[in-house]
Amino acid sequence: MKLSWMGEYRGLVEALIHYCNIYSGVYLKEKMSFQGISYSYAQIQVLEYLLENEERQENMSRIAARLGITRSNFTKIVHRLASKGLVDKTPMPGSRREINLSVNALGRALYEDYAQKILRRHFAPMFRALEGLSPAQLACMRDGLRAAMAGSDYMVSQHEAPTAGSADGN
């Protein structure tokens, strides 16, 4: 049966499905390590967004939404990072519930090691393949993926569906 409803996008959808299926198989597995500390893609992504958040100053709910995970999952991952000695948690002045999260020196070193490896092994080939696209074309790809995510039952149920062209510009 020919799946004509996808039209010219079939190849892109197939590549995206293939990527997502491979990634979902390793997302939670602690297969990478640095100085004897094992970590997963889920953990490194939270660490990455916490580093980026030093400038953005977003709350934990917003960071979780940008990652496409629930706040509950975000919190579990943060606790795991803290237990590994990669993130420091300090109470916010005047609040018993809110905490300040900061990536410490060990977390920064782990992330730097990861970034060098992931760029070389995975993203450099992708970036080379996309070199011919203009910034507007890259934005169209990003917005198309976000539009697809906005229809996700998972994200809709979490009230965190990202919108195409959302204010963060990423």
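Of the 170 residues in the protein, 29% are buried, a residue being called buried under 20% relative accessible area, exposed over 50% and partly exposed in between, with a 1.4 Å probe and protein chains only. The model is a predicted one, in which local features need pLDDT of at least 70 and side-chain atom pairs count only at pLDDT 80 or more, while totals for chains, interfaces and linings use all residues. Residues are numbered from 1 along each chain as its sequence is written, and side-chain values use heavy atoms, with hydrogens and water left out.

The secondary structure consists of 7 helices and 4 strands, where helices (H or I, at least four residues) and strands (E, at least two) are DSSP runs numbered from the N terminus. Along the sequence these elements follow the pattern α-β-β-α-α-α-β-β-α-α-α.

Helix 2 has 16 residues, which at 1.5 Å a residue should span 22 Å, and the distance of 22 Å between its end C-alpha atoms agrees with this; the expected span is taken as 1.5 Å times one less than the number of residues. The buried residues of helix 2 are Tyr 41, Ala 42, Gln 43, Ile 44, Gln 45, Val 46, Leu 47, Tyr 49, Leu 50, Leu 51 and Asn 53. Leu 47, which lies in helix 2, is buried with a relative accessible area of 0%. In sequence Leu 47 is 61 residues apart from Arg 108, yet the two are 8.6 Å apart in space, C-alpha to C-alpha. Just after helix 2, Gln 57 adopts a positive phi of about 60°.

The axes of helix 2 and helix 3 come within 11 Å and cross at roughly 125°, the axes being lines fitted to C-alpha atoms over the stretch in contact and the angles running from 0 to 180 degrees between N-to-C directions. Helix 2 is therefore oblique to helix 3, given that angles under 35 degrees count as roughly parallel, over 145 as roughly antiparallel, 65 to 115 as roughly perpendicular and the rest as oblique. The crossing of helix 2 and helix 3 is right-handed; a crossing is given this hand if the near helix is turned clockwise from the far one by less than a right angle, and is left-handed if anticlockwise.

A search of the whole structure for aromatic pairs finds 6. Rings of Phe, Tyr and Trp (its six-membered ring) are paired if their centres lie within 6.5 Å, with planes under 30 degrees apart counted as stacked, over 60 as edge-to-face and the rest as tilted. Tyr 23 and Tyr 41 form a tilted pair, at 5.4 Å centre to centre and with 50° between the planes. Because Tyr 23 lies in helix 1 (residues 10–26) and Tyr 41 in helix 2 (residues 41–56), this pair ties together parts that are 18 residues apart in sequence. Both Tyr 23 and Tyr 41 are buried, and they form one aromatic cluster together with Tyr 19 and Tyr 27. A further tilted pair joins Tyr 111 and Tyr 114, at 5.9 Å centre to centre and with 45° between the planes. Both of these residues lie in helix 5 (residues 105–130), 3 residues apart, or about one turn of the helix. Tyr 111 counts as buried at 17% relative accessibility, and Tyr 114 is likewise buried, with a relative accessible area of 10%.

Arg 80 forms a salt bridge with Glu 30, in which the closest N and O atoms are 3.1 Å apart. This pair links distant parts of the chain, with Arg 80 in helix 4 (residues 71–83) and Glu 30 in the loop between helix 1 and strand 1 (32–34), 50 residues apart. Arg 80 counts as partly exposed at 39% relative accessibility, as does Glu 30 at 28%.

Arg 66 forms a salt bridge with Glu 52, the closest N and O atoms being 2.7 Å apart. Arg 66 in helix 3 (residues 60–67) and Glu 52 in helix 2 are 14 residues apart, and their pair also links distant parts of the chain. Arg 66 counts as buried at 16% relative accessibility, whereas Glu 52 is partly exposed, with a relative accessible area of 31%. The side chain of Arg 66 also meets that of Glu 58 in a salt bridge (3.2 Å, N to O), and Glu 58 counts as buried at 17% relative accessibility. A network of salt bridges links Glu 52, Arg 56, Glu 58, Arg 62 and Arg 66.

Conventions:
Salt bridge = Lys/Arg side-chain N within 4 Å of Asp/Glu carboxyl O.
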